Amino acid sequence: MMSESSTHKVEQKRDETLTPRAFRRLLNWLDEGTDSGGHKYLEMRQRLVTYFDRKNCAMPDELADETLNRVARRLEEEGVIKSDAPARYCYIVARFVFMEHLRASQKDAALLDDVQRQTRGDNVVPSEADEEKEITEKMLNCLEQCTGKLEPLNREIITRYYVGKGQVKIENRRALAEELGITANALIIRACRIRDKLEACVRQCVGAG
Amino acid sequence: MAGVLPPPDMSKQLYDKEIIAQYLLGALPGAETEALDELSFTDEEFANALQAAEKDLVDAYVQGELTGAELEKFKSYYLTSPLRREKVQFARAFQVFAAGHAATQVVEVRAGKPAEPAARRKSAGWLSTLRDFATPRRALRWGAAFAALALLVAGAWLMFENRRLRERASQTQTRPDVLTPREQELQKELEGQREANATTAGELERVREERARLEQELKVEREKRLAEQQRAAGQQQPPAQSGAGIVSFILAPQLRGVEQPPTVTIPTQTRYVAMQLRLEPNDYPAYQVSLLDQAGNQTLWRSGKLKARATGDGKALGFSFRAGLLGPQTYVLRVYGVPASGTPEVMSDYPFKVVK
């Protein structure tokens, strides 16, 4: 199930300038010997997007793709990258890409305005209250649909894990881990993955609706 | 380019929630930020902790738990990114949704029983209706409509009841002479029936006494015969051992609130124990089972990859293991679902108590 959906997503995201062979080589290199069905690629891409977003870059998706394209081209040219493990090498390339982007944005006045707008929160135009409300309503409807697609146990986990405040939330999580017979850490990871899956489904639903 | 290694004291605090929160809010010094940037790629555990911490931070903001400098930093730094604002938007909707579900569903996550899909769909439908009521104007309109309907129904019922009682009262007043002979007749029948009941009761008592006497005689006879047999046979031989090679059991998922695990009796010369575990509804293509010693939580045996088979009311998992692994104590069979790619995930526990 994972390999089908992730392969489809992988096909959507890859750069057209990469040949299929180069792309397949990149996937294999990220997998480090075990076939993850594209899961490692998607995970790395997400980490790159989050990294560039944390750096307040205006186009984190494009910069993440640029990073992976550069890594793939290096693999094509040299056949193998032995200097670093895939994760670390991707980080190193990402840093280069970020620094280049920063220099370019400093030169370009239009991009500079964009960056300033990104970094000065009080200048960000807030959404209209009605538009926010409409989006929230859509999200709530989509949440119903999307949680309905989850396995019953995952549905129960996701609704219990994130409910409550402060000590009540901590106690809920402790009890939940105990009932499931898993460690707190395993529960954290599982809940995070379920929530990420749910959020992706909701975004797709809201976008389609 | 060489990566920046974390300073020595930093490594001890990698997963400290406070440090991660400061990192997410852009409040750490440059060198520390770079160190954590690299770890977010290279350290799986840190990457997971970071993701979880970010979700908790966003939820804290949505629930109004952030204060002071942290709140200011969240607004001035975290919310500047469109992607991060989308996360806050989702978190806001999700909190409403999760709180509603926690209030309406039966909060029961055992290692077993799944919630009924139909009940959940029904609950979700009610939830969407409840949300309709949430807007003030609609709530008032609906409330007034319901109140009017209730008054109408109550009024109609009262009118109908009133008329029925009046009719009945007038009938009683106008026909007293017709009813009296009928009453006398019924009275006679009732007395006759009572006499008959008394006779029957007496007979029943006699039959009971006779039966008790006969049972006593039978008991005495049996004791006499047993004593004679014992005298004739001498010392009794112990019964032969059944010596079954395999014993089989069927276990269902553990229900929450059930205190005692099921007991399985394993004869002495049993070599293998075959188990059939009824599975909860799930989509896993394969499974794995571990036998755990509940007292020490030690894994005593682990199966290979197993496939479930369809039964009348779901799926079941069959496997066997050596009976020698088991002593007279409580164990747990833990079932893991194995997705197509990825690590096995805990599904259900099946505790059982062994008696030998």
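Author: Start with helix H9 of chain A, residues 166–180. At 1.5 Å a residue, its 15 residues should span 21 Å, and the end C-alpha atoms are 22 Å apart, so the two agree. Keep in mind that this is a predicted model.

Reader: What follows H9(A)?

Author: Gly181(A) does. Its phi is positive, near 70°.

Reader: How many helices and strands does chain A have?

Author: Ten helices and zero strands. Along the sequence the pattern reads α-α-α-α-α-α-α-α-α-α.

Reader: And how much of chain A is buried?

Author: Buried residues make up 30% of its 209 residues. As for contacts between residues at least 6 apart in sequence, 60% join residues at least 24 apart.

Reader: What pLDDT does chain A average?

Author: The average is 83, and 81% of the residues score at least 70.

Reader: Which elements of chain A have the lowest and highest mean pLDDT?

Author: Helix H1, residues 2–13, has the lowest, at 48. Helix H3, residues 39–54, has the highest, at 94. Over residues 1–8 of chain A the pLDDT is below 50. Beyond near neighbours in sequence, that stretch has 18 contacts in the model.

Reader: Switching to chain B. What is the order of the four strands in the open sheet?

Author: E1-E3-E7-E6, with mixed pairing. E1 (246–251) and E6 (309–311) of chain B stand at the edges. Each has a single partner strand, so one side of each is left without a neighbour in the sheet. Neighbouring strands are turned by 30° against each other on average, direction ignored.

Reader: How do E3 and E7 of chain B pair, parallel or antiparallel?

Author: Antiparallel, over eight bridges. E3(B) covers residues 272–279 and E7(B) covers 314–322. One bridge to find on screen: Leu277(B) has Leu317(B) in E7(B) as its partner.

Reader: What about the sheet of five strands, what order does it have?

Author: That open sheet in chain B runs E2-E9-E8-E4-E5, and the pairing is mixed.

Reader: Which strands stand at the edges there?

Author: E2 (263–265) and E5 (298–302) of chain B. Each has a single partner strand, so one side of each lacks a neighbour in the sheet. From one strand to the next, the twist averages 35°.

Reader: How many bridges join E2(B) to E9(B)?

Author: Three, and the two strands run parallel. E9(B) covers residues 345–355. Look for Thr263(B): its bridge partner in E9(B) is Lys353(B).

Terms used:
Residues numbered from 1 in each chain as written. Chains lettered and ligands numbered in written order. Predicted model: local features only at pLDDT ≥ 70, side-chain atom pairs only at ≥ 80, totals over all residues. Pairing = 2+ DSSP bridges. Axes fitted to C-alpha atoms, helices over the stretch in contact; angles between N-to-C directions. Expected span 1.5 Å × (residues − 1). pLDDT = per-residue confidence, 0-100. Contact = placed C-beta atoms within 7 Å. Buried ≥ 20, exposed ≤ 12 C-beta atoms within 10 Å, placed from the backbone.
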